[in-house]
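Biologist: I would like a close look at one hairpin, and then its surroundings in the model. Please keep it brisk.

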Amino acid sequence: MSILKDFKFHSPDSLSQALELLDKTRAPLLLAGGTFALNTLKKSSKYPSDVISLKKIPELKGIKVKGKELWIGSMTCIDELIGSKLTGDTFPSLKDAALKLGTTPIRNMATIGGNIASRFYWVDLSAVLISLGARVEAASLEEKRIVDLDKFLAEKSSKKVIITGILLPQEERCSYYFRHTRTVQEVDVPTLGLAFSCIKGKEGLSDVRAVVNTTLSFPVILKGIVSILKNSEYKNVKVSDIREAILKDAESTKLDEHRLALLVQDLEKLIELLKAV
Amino acid sequence: MEINHQINMIKNKTVSPVGKSVPRIDAKAKVTGEAVYAFDLKLPGMLVGKMLRSPHAHAKILKIDTSRAEKLPGVRAIVTAEDAPKIKFGSNEYFFPYTVDQYPLEFEKVRYIGDEIAAVAAVDEETAQKALALIDVEYEILPAVFEATQAMRPKASQIHTAMNNIGVMMPFNFGDCDKALAESDYVREDIFTLPSAAHAALEPHVSVGRYEVSTQRITLWTSTQAPFKVREAMAKTLKMEAADIRVIKLNVGGGFGGKLEMFPMDFAACLLSKKSGGVPVKICCTREEEFSFTRRKHPMIYKLKSGVKKDGTLTAITGEVIADGGAYCSYGPTVVAAAIMRISMVYKITNIRLMGFRIYTNNPISGAIRGFGGVQSGFAVESHMDMLARGINMDPAEFRLKNATDPNMTTINKLILSSNGLKDCIKKAVEASQWKQRYGKKKDKSDDIAVGIGMGVAADVMGSKMYKAHESAGTIIKVEEDGSIYLFTGAADTGQGSDTAMAQIAAQELGVAYERIRVKAADTEITPFDTGSFASRVTFISGNATKNAAFDAKGQILDIIAKEMKLDKNDLDIRDEQVVKKANSSFVMTFDQAIALCYSFNYGHLLIGRGNYNPKTTPVDFRTGEGNVSGSYGFEAQVAEVEVNRKTGQVKVVKMIDVHDIGYPINPSSVHGQIEGSIVMGIGYTLYEDLKFKEGRVVNPSFSKYHLPRSTNIPKIESIFIETHDPQGPFGAKGMGEASLLPTAAAIANAIHDAVGVQIKDLPITPEKILKALKEKKAD
Amino acid sequence: MKKIKVEINKKLHELEVCDSELLIELLRDRLGFLGTKYSCLEGDCGVCTVLVNGKNVLSCLMLAAEVDGASVTTIEGLAENGVLHPLQEAFIDKGAVQCGFCTPGMILAAKALLDQNPHPTDEQIERAIDGNLCRCTGYVKIVEAVKDASKKINPNDQISISK
């Protein structure tokens with residue numbers, strides 16, 4: 001009534017309806033879980049003319065296996081991500097990141113699609129999903145496409161696109177998520193998040209992916225690290241090697257000394273964890 | 001004796017309720033959502049009010065033009081200083097008249113970002129907001145100063161008329177400190193810095209004002225801890241009589257010292273109602289306004305230089321405190337006094353010289369916040385004490401025990417400590433924490449995680465007089481014909497449980513079941529005077545008034561029974577719902593029968609008990625610091641157990657042991673609740689909270705950036721009572737409100753030192769500070 | 001304006017709400033359920049917590065129109081025919097209520113937990129209410145109250161091993 005200024009509310013019950021509305025309304029705002037949208041709305045200088053809720057669209061719901069991939073509907077809530085065996089058991093780092101996201105009511109309301117679409121530099125899920133090889137399904141009136149998540153986030157965001165789902169390759173991977181906050185409070189915006197995954201076989205590590213968030217406006221893939229954490233070589237890696245490897249990406253990651261120290265620490269710990277698996 | 005009178009049957013009779021954890025009298029309404037707060041109040045025709053606040057930290061007001069705003073449809077009234085007599089008010093007026101420095105609505109000068117200039121009442125929020133933007137104010141910007149030490153410099157911008165912006169200068173000087181320091185075996189100097197903090201009560205400040213045109217009387221509903229204080233300030237600034245201003249406290253969603261005085265929005269809500277012809281006006285703060293424009297904790301720089309002898313005797317404590325008071329005085333003097341005058345309650349010291357300065361700056365107003373200046377002092381002094389003990393290789397617990405004050409002693413500044421369980425608190429804390437086996441010994445949890453324990457002790461005033469000539473509280477008890485009882489108290493329950501405690505005390509003294517008592521509190525038109533809920537005074541002062549009122553009522557009842565039964569009144573008592581003979585507890589009649597007798601044809605005596613209590617203190621001379629400021633003092637010892645991650649610098653408080661001399665607990669559950677709440681608030685101040693400012697503006701005015709402790713951050717808390725049965729306290733009780741907040745920061749800092757060998761002297765203790773200190777230590 | 005059908009405290013309401021009306025406004029201002037408060041309007045404090053389809057959510061971050069077809073529970077819906085819910089009883093008994101401003105949201109968050117997990121550990125309770133700030137109690141007695149209520153609600157069930 002008086003807290004928010006007026007706008008027109010729509011709750012389409014199909015994806016095509018939602019895309020039509022996105023296209024023809026003047027200043028649309030997509031509403032997923034509401035934890036970001038309805039919060040930032042009040043402070044925004046660009047007030048929406050129309051708010052389009054995605055809650056009733058069946059094409060965005062569910063978690064299902066599609067061939068060799070797991071499909072997670074973009075309107076899947078964080079608590080569902082935690083509770084589902086399909087996500088939680090196969091992708092421990094995803095479950096870990098979801099468990100650390102916000103507080104209980106936020107986890108009940110927020111969605112995976114909303115988290116990614118927010119493009120806040122500190123969101124946890126984007127980094128983790130990239131490290132797991134995620135691809136994002138994005139739909140607009142013109143096309144439906146599937147693109148690697150890191151590429152999608154590096155692109156300029158479009159107001160006329162709806163993320164419909166996330167695709168994760170179903171592989172046996174070791175996956176970890178390290179998250180640092182300024183205080184012991186998990187609700188604090190993280191100072192650093194490191195998402196890591198790899199395949200561990202008899203010959204050691206392969207297909208290593210390390211992604212870091214909070215340093216730039218989108219998650220950054222660490223390339224230097226990949227070169228030293230491979231095969232069985234990872235077992236002999238020293239702290240100085242780690243530091244050197246990270247600094248190779250220093251330009252692109254813009255890590256400061258404090259975060260660098262945390263990252264080195266995390267990678268040291270990671271190597272211990274990998275040795276123990 | 002004929003009893004034709006309906007006898008009241010009470011279910012769940014809790015007799016002799018004092019000392020029992022009876023359910024809170026207001027809990028049922030709160031768990032069902034039925035309890036009404038000023039936040040919920042809706043009156044017919046009610047308008048939305050909003051304050052116009054200065055966007056500048058320091059400026060002269062050249063012109064205020066409300067004409068454009070007045071033309072906006074939906075605006076019903078606009079007020080400025082022109083609409084009332086221009087009279088200043090202050091919150092510490094009685095002892096410090098020079099601190100009366102604030103107009104409710106400014107018209108000459110603004111001194112902080114948020115300083116109130118005008119107010120608007122409109123039909124809805126949006127219109128009120130638009131109207132504010134249409135009020136034209138012409139400013140001449142003045143240089144602003146945001147840092148206390150800068151503000152003290154000779155050429156600094158003058159904020160009020162106080163020279164060098166020194167709002168309050170308070171000395172505390174006894175003995176010969178220089179001689180004592182020279183004779184010490186070990187002397188050390190430390191500087192501690194304390195940040196600001198927010199009260200963060202969940203209910204924001206809310207004022208609902210209604211002016212009755214025909215009688216020219218005001219009713220103000222406000223979220224407050226001190227309705228009588230608000231009335232006093234309203235009467236002064238509006239030039240009205242007290243009896244024409246009714247201030248009503250409903251349920252209050254927390255105060256913690258932030259709601260202890262009249263706010264411009266209280267004043268404005270009533271003035272707007274008057275100007276709109278008697279329509280009620282509600283002004284409510286948003287969370288951002290709460291953080292930015294209400295009150296904050298005094299940031300302080302606390303310097304200490306003290307000496308000890310080899311055997312552990314404290315020889316002298318000297319120091320200086322510089323407090324950043326912000327733009328106006330509020331409770332500044334009390335805060336400074338609490339910051340420098342508590343040390344002699346805790347330690348036997350004859351040479352002590354402290355100077356407290358409260359400096360005006362163009363920051364938001366620093367005021368009272370739980371513990372007054374005792375929290376800042378607690379951190380500085382208790383950290384310093386640990387470092388002194390370490391300097392002579394003495395166990396910090398032993399050191400404190402050696403220097404602790406005793407019962408029945410008078411301190412150097414003439415405080416009369418009667419009941420004093422401090423030494424017992426320390427001994428018990430040592431025992432409960434296995435101090436002797438664990439302190440100073442390596443007890444790492446893992447390679448990365450070190451464990452440490454640390455101690456802090458404190459004392460608190462329980463019935464202090466610092467605000468008015470008298471500090472009396474009053475209670476009235478009305479026993480109705482059917483035996484149900486009303487208790488009228490001025491004490492303001494803001495969640496700490498004073499309503500319940502008053503009911504328990506009354507029931508105990510009167511000899512009846514707790515369930516008979518209904519409490520009506522904190523309504524200036526109906527209840528007797530009470531200064532308010534602060535300085536942990538309510539159980540002791542208001543509790544004694546209540547006990548006296550119950551005693552009076554009981555006396556009236558026994559008078560009549562004695563007359564009727566031809567007995568000696570002095571042989572009778574009322575216990576556990578029965579009138580009995582004191583000597584052998586033999587039954588005389590039931591309480592209900594006694595009431596029926598009082599109201600019978602022959603007697604027709606309306607039972608109205610009156611009680612008054614003014615604590616026995618001596619006036620404090622604030623030029624020296626001498627005087628027994630309180631009727632009672634509480635004491636405690638805390639031991640914190642922490643885990644410190646050497647790699648990340650993160651600190652987790654795993655356990656807090658609090659041993660407290662509370663005299664006697666009126667309601668043990670309530671006392672534990674206050675202790676637990678205070679400890680968690682203390683942990684917040686030490687580790688998570690940090691109200692940050694930039695150029696006079698709060699930088700983090702939201703819960704997402706100002707972190708309160710959450711349920712996932714709490715340690716295991718062991719709360720232990722030491723019962724010393726205060727001779728003055730009602731049933732031996734002293735009280736509990738703030739004390740458990742005082743030593744917490746130091747206990748944690750000292751525990752961190754025990755864990756990893758670094759002493760952080762600057763709050764909040766962040767991982768960065770610990771890592772930096774560890775790095776520096778390694779380099780040494 | 002939007003027409004919605006929403007069940008609130010087991011009673012069906014057919015209403016017209018403004019497009020931009022928040023759920024907290026629907027409850028407090030339109031329907032008079034003043035038990036639910038708010039304190040930050042940003043989703044950080046949890047004071048505005050209500051249950052929507054059994055889950056504890058923040059009513060300041062939901063639009064009224066979004067609860068069309070949903071079932072909402074406010075604090076007023078907990079007691080039945082004047083009989084308090086075991087959580088309400090436990091909060092009173094254990095001294096978990098001080099100023100009471102966080103209490104309605106806190107109790108509902110606890111209810112959502114107990115409905116899913118009848119025998120939570122202390123850690124699980126602490127996590128379930130991590131979205132609800134309390135400045136008075138330090139949370140200690142609140143956790144005790146929820147534990148106590150869990151024992152009363154399901155006294156005959158086997159206690160599950162903590163996860």
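Biologist: Which residue of strand 24 of chain B stands opposite V580(B)?

Modeller: F587(B) in strand 24 of chain B stands opposite V580(B). First, the ground rules. Residues are numbered from 1 along each chain as its sequence is written, while chains are lettered from A and ligands numbered from 1 in the order in which they are written. The model is predicted, so local features need pLDDT of at least 70, side-chain atom pairs count only at pLDDT 80 or more, and totals for chains, interfaces and linings use all residues; side-chain values use heavy atoms, with hydrogens and water left out.

Now the hairpin. Strand 23 (residues 578-581) and strand 24 (residues 587-590) of chain B pair in the antiparallel sense over 3 bridges. Two strands count as paired if DSSP finds at least two bridges between them. Strands are DSSP runs of E with at least two residues, helices are runs of H or I with at least four, and both are numbered from the N terminus. There are 5 residues between strand 23 and strand 24 of chain B. S585(B) sits in that turn with a positive phi of about 55 degrees.

Chain B as a whole comes next. Its secondary structure comprises 20 helices and 30 strands. A compact globule of 780 residues would have a radius of gyration near 28 Å, and the 27 Å of chain B agrees. That radius is taken over C-alpha atoms, and the globule rule is 2.2 Å times the number of residues to the power 0.38. The C-alpha trace of chain B spans about 90 × 75 × 50 Å along its principal axes. Of the 780 residues in chain B, 66% are buried. Buried means under 20% relative accessible area, exposed over 50%, and partly exposed in between (1.4 Å probe, protein chains only). Among the contacts in chain B with a separation of 6 or more, 80% join residues 24 or more positions apart. A contact means heavy atoms within 4.5 Å.

In helix 13 (residues 422-432) of chain B, the buried residues are L422(B), C425(B), I426(B), A429(B) and V430(B). They cover an arc of only 135 degrees around the axis, which puts them on the same side of helix 13 of chain B. The arc is that of the directions from the helix axis to the C-beta atoms. An α-helix has 3.6 residues a turn, so residues three or four places apart point the same way. After helix 13 of chain B comes Q434(B), with a positive phi near 50 degrees.

S669(B) belongs to helix 18 (residues 668-688) of chain B. S669(B) is buried, with a relative accessible area of 15%. Leaving out residues up to four places away in sequence, S669(B) touches S21(B), K94(C), G95(C) and K141(C).

For another antiparallel example, turn to chain A. There, 4 strands form an open sheet in the order 9-10-11-12, with antiparallel pairing. Strand 9 (174-180) and strand 12 (220-221) of chain A stand at the edges with a single partner strand each, so one side of each is left without a neighbour in the sheet. Strand 11 (residues 204-213) and strand 12 of chain A pair over 2 bridges. Opposite V212(A) stands V220(A) in strand 12 of chain A.
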